[in-house]
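Me: Please take one part of the model shown here and examine it closely. I would like a connected account of its setting and of what lies around it.

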Amino acid sequence: MTGYRGRFAPSPTGPLHFGSLVAAVGSALDARSQGGEWLLRMEDVDTPRNVPGAADDILRTLAAFGFEWDGPVLWQSRRRDAYAAALEHLCQAGWAYACACSRKEIADSATRPAVDGGLAYPGTCRNGLPPGRAARAWRLRVTDEETAFTDRVQGRQTQRLERDVGDFVLRRADGLFAYQLAVVVDDAWQGVTDIVRGADLLDSTPRQIGLQRCLGYPQPRYAHLPVAANAAGEKLSKQTRAPVLDRNRAAAELVRALHFLGQRAPVELALSRPAEVWDWARQHWDFTALPRQRSIALANFP
């Protein structure tokens, strides 16, 4: 065992699609190629977005495609006490503060866009709540220092959180914990050493690194794979009507995912069983062959 511990963390907002499969295949094979563990986490902390039955459907699909994970599935919805403890630690250390701003107020006062397409928080409540206002959310107090890391696929990445994002939300106005806090706490608790996921999450990585530093957590290595896009250049998702994975075509879809990731899997494997595809993939996985780009349009993909 090398000490490598990776994970795949789908959200039960709908069934898996080809883009999900690409991320799962890449993370699983990177872990197995290094003699490591591969964990499965259900990121269901955003409960209003969860679709009834979607989590069970995801588990059945992964099993039908021949995925094998180590240990039990971790459910974020059962980890709220851990997130609350982390937030309390950040508050005690002066890193987190209460915010009374509504979305409309932020939209009216923000002066610059954030890297993720939203608006950079202008820092209205940084020095305390305005008179007569109550806390709606809790935010992390970021700095303007450069946050840099070298992604194993996308290369060197830099961001200044104060300029490019602003103080970001840790606990939302509806009382739910934000993705950024939950994922950082869970990665540290599970001992995740390597995170292999889609490049759509590349711009949020500096926020997670900033949180790791504030909480005293080790920083994992990152590798962001190109995401699969439709003909319009949009990432495959429920919102863009991405087709659901067909369990009856598991071997063929696995081979297609391998080709998407630059692996030269024999086309005849598409007619075999998933176990045979995995046998080939584990023996021939070549990390250096991964495409070094953020997205690949399936319209241009054979």
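Reply: Gln-190 belongs to helix H6, which covers residues 179-190; helices (H or I, at least four residues) and strands (E, at least two) are DSSP runs numbered from the N terminus. The model is a predicted one, so local features need pLDDT of at least 70 and side-chain atom pairs count only at pLDDT 80 or more, while totals for chains, interfaces and linings use all residues. Residues are numbered from 1 along each chain as its sequence is written, and side-chain values use heavy atoms, with hydrogens and water left out.

With a relative accessibility of 9%, Gln-190 counts as buried (under 20% relative accessible area, with exposed over 50% and partly exposed in between; 1.4 Å probe, protein chains only). Its side chain makes a polar contact with that of Arg-41, at 2.8 Å. Such a contact is a pair of N or O atoms within 3.5 Å; within protein, one must be able to donate a hydrogen and the other to accept it, and residues adjacent in sequence count only if both atoms are side-chain atoms. Leaving aside residues up to four places away in sequence, Gln-190 touches Arg-5, Leu-39, Arg-41 and Leu-74, where contact means heavy atoms within 4.5 Å.

A ring contact involves Trp-189: the charged end of Arg-79 sits over its ring, 4.2 Å from the centre. This requires NZ of Lys or CZ of Arg within 6 Å of the ring centre and within 35 degrees of the ring normal. Arg-256 likewise lies over the face of Phe-18, at 4.5 Å from the ring centre.

Aromatic pairs are formed by rings of Phe, Tyr and Trp (its six-membered ring) whose centres lie within 6.5 Å; planes under 30 degrees apart are stacked, over 60 edge-to-face, and the rest tilted. By this rule there are six aromatic pairs. One of them is the edge-to-face pair of Tyr-83 and Phe-177, at 5.8 Å centre to centre and with 65 degrees between the planes. Tyr-83 lies in helix H3 (residues 80-92) and Phe-177 in the loop between strand S8 (169-171) and H6, so the pair ties together parts 94 residues apart in sequence. Tyr-83 is buried, at 0% relative accessible area, and Phe-177 is buried at 5%. Ring pairs also link Phe-8, Trp-38, Phe-67 and Trp-278 into a cluster.

Trp-278 is among the buried residues of helix H9 (residues 274-284). The buried residues of H9 pack against helix H1 (18-33), helix H2 (54-64) and helix H8 (250-260).
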